[in-house]
Amino acid sequence: MTTALHLAQTADLATLTGLMTRYGAEAGLTRTDDQRTAAVAPLLEGSPYGAAYLLGPARAPVGYVILTFGWSMAHGGMDGWITEIYVRPSVRRRGIATEVLFALGRTMQSAGVTALHMLVDRTATQAQGAFRTAGFAMNDNHGVMTRKL
């Protein structure tokens with residue numbers, strides 16, 4: 001199986017925000033259409049702070065992944081945060097997310113990214129299994145603290 005990664009462009013906005021709406025409904029997020037558009041549009045326009053990829057066939061994607069970039073002294077350079085990954089329920093448990101995470105890692109490594117991170121709900125054991133298969137490990141030494149601005 002090979003799940004294609006397609007770098008999303010401005011023409012993909014409606015498709016991507018439609019998938020984001022589905023993800024938000026599953027995750028219990030209360031974002032409006034305007035908030036989703038404002039958050040993702042700069043990435044589709046080429047912002048250096050992140051990228052959005054559609055998964056699967058370009059005409060009928062089965063999901064998406066959004067990645068943002070930062071700088072890590074601990075990892076020696078640019079790092080990436082997978083902020084959202086979504087696969088349609090009808091095609092889950094086929095290894096698509098794991099395959100995408102491996103492909104994304106290769107793509108980011110070739111672009112000079114030194115580490116990929118993601119936040120995972122500690123109760124989401126099935127998702128954690130897929131992420132572990134793709135080479136991710138839970139970091140018990142650090143927690144994420146957030147201050148909303």
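Cores and ring pairs in a predicted model

User: Which residues have the most contacts inside the largest nonpolar core?

Analyst: This is a predicted model, where local features need pLDDT of at least 70 and side-chain atom pairs count only at pLDDT 80 or more, while totals for chains, interfaces and linings use all residues. Residues are numbered from 1 along each chain as its sequence is written, and side-chain values use heavy atoms, with hydrogens and water left out. A nonpolar core is a set of buried Ala, Val, Leu, Ile, Met, Phe, Trp, Tyr and Cys residues joined through side-chain atoms within 4.5 Å, and buried means under 20% relative accessible area with a 1.4 Å probe, protein chains only. In the largest core, which has 21 residues, those with the most contacts are Val65, Ile82, Ile85, Leu101, Leu104, Met108 and Phe136.

User: Which element supplies the largest share of this core?

Analyst: Helices (H or I, at least four residues) and strands (E, at least two) are DSSP runs, numbered from the N terminus. Among the elements that each supply at least two residues of this core are strand 3 (63-72) and helix 3 (96-110). The largest share, 5 residues, comes from helix 3.

User: How are the rings of Tyr23 and Tyr86 arranged as an aromatic pair?

Analyst: Rings of Phe, Tyr and Trp (its six-membered ring) pair if their centres lie within 6.5 Å, and planes under 30 degrees apart count as stacked, over 60 as edge-to-face and the rest as tilted. With 6.3 Å centre to centre and 75° between the planes, the pair of Tyr23 and Tyr86 is edge-to-face.

User: Is Tyr86 buried or exposed?

Analyst: Tyr86 also forms a tilted pair with Tyr64, at 6.0 Å centre to centre and 35° between the planes. Because its relative accessible area is 3%, Tyr86 is buried.

Key
Buried means under 20% relative accessible area, exposed over 50%, partly exposed in between (1.4 Å probe, protein chains only).
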